[in-house]
Amino acid sequence: MKLPLSPPRWADQLLEWFCAPHLLEEVQGDLYERFQRRIVLYGEKSARQQYVWDVLSFLRPFALKRKSENLTSPFLFSHGMLKNYLKIALRNLQRQKLYAVINILGLSVGLACCLTIFLFIQDELRYDTFHEKADRVYRLVNDRTSEGRVNHMARTPPPFGPTLKAQFPEVEQSVRIFSFSEPLVTHETNRFREKGFILADSTIFDVFTLPLVRGNKSEALRGQGTLVISETVARRYFGNEDPLNKILTVDGNLKFRVTGVMKDLPSHSHLELSCIGSFSTMRDIFSDYDRMESWGWQQFYTYVLLAPGANPDQLEAKIPGMLNQFAKDQLDKSGMSYKTSLQPLLDIYLHSAELEYDIAKKGNIRYVYAFAIVALFTLLIACFNFMNLSTARSMQRAKEVGLRKTIGAERSQLIGQFLGESMVFTTLAMVLAVLLTAGVLPLFNNWAGKSLSLLDAMSVRLFAQIIATMLVVGLLAGIYPAFFLSAFQPIKVLKGSLESKAKGGYGLRKTLVVVQFAVSTALIIGAGIVYTQLNYIQQKNLGFNKEQLIILPFANESMQQDFQVIKDELLQNPNIIAATASYGLPGGAFAGDGVKVPGKAEDIGINMFLIDHDYIPTLDIKLVAGRNFSTKYGTDEEEAYIVNEATVKSFGWRSPQEALGKELLWNKWAPSNPADTIKRGKVIGVVKDFHYKSLHHKIEPLVLHIHKPAYYAMVARVRPENVAAALEFLKLKWQERAPEWLFEYELLDQQFARFYENEQIFRNLFVLFTSLSIFIACMGLLGLATFMAQQRTKEIGIRKVMGASIAGIIVLLSKDFLKLVLVGIVIATPLAWYFMNEWLQSFSYRIDVEWWMFLLAGLLAIGIALLTVSFQSIKAAVMNPVDSLRGE
Amino acid sequence: MERNYLGEFEELVLLTVAVLHDSAYGVAIAEEIEKQTGRQVTISAVHAALHRLEEKGMLQSRLGEATAERGGRRKRLFFLLAQGSQALQTIRDTRNRLWDSISPQVLPAFSI
């Protein structure tokens, strides 16, 4: 048959281009039919011409107008389709219970981690935001360099604030704070130790937001001995009585008159303030008020309020000039130099971890970051599970996709369906996660020392954030499976030749498993190193024996003067091995002062323990040269010093032996004879370095010597088996001498442990979240292993029939996964090494990161993975081949 | 009745669909009109009219068989719906009434 002549191609193409697709077939068909008849009637040439005219005549609105979608296929999210999608999703959930549980549980645990950490971080970031001028308030941070050592101090000398305010117009206000360390406050029979007792300039009300309920701000802190107390404190001492003009006695001798009552500070404040005394009360405490002009006495926390729009960096740049002008002589004389910076109020809580001598409540921004990263990783691992299992199970859904496409589903509809499904999963998971969070928050609070509550945090904003997270997670987890599944070609799927396609997703699954295990292994390594380091700190030989040391502050001056008598009385009790009176304890307060070396004009800043004859044996500190103070030598009290090894090194003495006999001079604090204010003495002994500060810091030079007026506490070493009896005895002794006193004691090892509270919390949480992420990763692995075993049921059956051993099959099924886990470990190792080394740098005394830690973590990861996988492998391997092969 | 107003060409097309009964599609309708009226009809005009009539609910359509001369493309076959036949009937009734009310002597004579 002769091929029919065809009309002009260009006209045809034009028609195809402009004509609405739903009309094209009939229109083109009619035109062709007419064309063929016209060839017969009028000849080809004319027919072609008329064809062109006919085509052009179709340039009419009706032919151009595209039909809107909803006329051919049902609306994408029509009621019926949505119902169908939901039904299919739920049926899949029911049919594949294991996967559903893994997916939803994994996601919900991941989300719960995120939610908890989110609440935690939000809480950490809330500090000090309640101050109305928070964005303009800065704290002065002073880095002091002396003797080649740098101390990052939160404290500044007293003239700093006032001078700044006088010199620079951009400083609107400044306030100095002097802190008592938990003094005993009494009113009639009420006696309590008050935390947060400070003296402050009256300008404190201009800088901070501290609303008064009684009294007025301009009057309250005027004159010596005036005091503003918080509502809680007022209730504690005065009950329902009017607290105004009542008298409170501090540490037995200092009298304050209450002139105002302020609202309790919110708990999210870096400063804990319960009582604010007027600054001029300093005159009652320090007889030499000239100290207030000293640029060397770093004892005050100084806050400045900048004028609106003032640039803190510019101000900071001007400070060295100011110091040069006002403080140069004093600083040069004592061989110190300052580098001062302005720390924004809102940064104090999280960014002060490095600062020494700080009363601020502290968090640590590093931990905030670390937790945020861990939370995201956990969620990521859960999302990966979802992706993995969805693509792995694609075979089950492939037929559905094929059928839907054949019936006329568009790809976008299918993508919508699968994304919707992952949203359903995520929604279920989120609901679970919220419940889970609510359930574990009390436990978390306990561990983290927080008081987070889901109910308190509930707000429209949180709700929106939760919904947003749900959308993001649903999208993240669902987008790949959605595109992967919707790309199936119906013809291949329905014919059953999809194997090659499923293999394609296999590459991605491998990658995801590798990432999951890399993250998990890195977390294991991290947790391991954190754990080891903290154990190291707790078990490191501190250079003295910190166990069973009980610290008892003296209740009054007479006790302090009678310390020798008390000590003898205590030692008569068989449960008390040793006792000593001192000012200066490891983990507690000690003096920072200066000594002179003959021949040098300048004071050398140095730490100082003021001790008695029994201090060194009681604490079990080792002497490396010379001898301890002895009552045999009457001169020891007035003419002897003991130093530590760090001092020997710092002073340039070549050996501890050489240090013996060197002369030191010290300005006495409370000279008994006004004519003799200098203690001139020789070094009689050198002690081995012992840790008296936290292990974040290096051991610094220390001088120990006898100075009775400074003693503030008795330290007793008790028999470990009779601690309770010893305490009972001590209580009796103290009450005998000071019946009005609250009997309080502290254990030295606990005091020392408080240095690492933040680290302990960090360790607990790190271990918790690491376990959770490993748990989720393992659930994913379990799902994959189950799936793989199912896929290979027949293969395993045949292998067994052919004589394969159970062990051989377990190896066969496990080795693929093990390879992936191994790759994960290889990737994780350098990353973990880098980050953990960074963390360890914050300790001056730290463990070395060693290869066996990685090996151990790797083995642990492999072990966990193997355990997970083998559960399925063994099940598959011991199956009777008859069952698996019977099917066909 | 405004909505169901039929243009002259539309009326022709509608009538032709009725005439062709089971095989009313674009080309056939055009050719039938050409045959009956002797005037040239563009195919696009027929399509436009059919399209409008379908929208007005007087016609419905389905795709029919394909033929070789159409290049394997299917025809769209049109069928009269009740509303369509009612419209035609109304027109016819109106015309008949008008014819009936014309006195025969008024019409000028013409030859057929």
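User: What is the mean pLDDT of chain B, and how do I read it?

Analyst: pLDDT is the predictor's confidence in each residue, from 0 to 100. For chain B the mean is 86, and 93% of its residues reach 70 or more. This is a predicted model, in which local features need pLDDT of at least 70, side-chain atom pairs count only at pLDDT 80 or more, and totals for chains, interfaces and linings use all residues. Residues are numbered from 1 along each chain as its sequence is written, while chains are lettered from A and ligands numbered from 1 in the order in which they are written.

User: Which scores does the predictor give the complex?

Analyst: The complex gets an ipTM of 0.87 and a pTM of 0.70.

User: How many helices and strands does chain B have?

Analyst: Helices (H or I, at least four residues) and strands (E, at least two) are DSSP runs, numbered from the N terminus. Chain B has four helices and two strands, in the order α-α-α-β-β-α from the N terminus on.

User: How much of chain B is buried?

Analyst: A residue is buried if 20 or more other C-beta atoms lie within 10 Å of its own, exposed if 12 or fewer, and partly exposed in between, with C-beta atoms placed from the backbone. In chain B, 31% of the 112 residues are buried.

User: Now strand E23 of chain A: is it mostly covered or mostly open?

Analyst: Strand E23(A), residues 713-718, is mostly covered, with six of its six residues buried. A:Ala713, A:Val715 and A:Arg717 point one way, A:Met714, A:Ala716 and A:Val718 point the other way, and all are buried.

User: Which strands pair with E23(A), and in what sense?

Analyst: Two strands pair if DSSP finds at least two bridges between them. E14(A), residues 549-553, runs antiparallel to E23(A) and is joined to it by five bridges. E15(A), residues 576-583, also pairs with E23(A) in the antiparallel sense, over six bridges.

User: Why does A:Thr232 count as exposed?

Analyst: A:Thr232 counts as exposed because it has 12 C-beta neighbours inside 10 Å. It lies in helix H10(A), residues 231-238.

User: Which residues does A:Thr232 touch?

Analyst: Two residues are in contact if their C-beta atoms, placed from the backbone, lie within 7 Å. Not counting residues up to four places away in sequence, A:Thr232 touches A:Asp264 and A:Ser274. A:Thr232 and A:Ser274 are 42 residues apart in sequence, and their C-alpha atoms are 8.0 Å apart in space.
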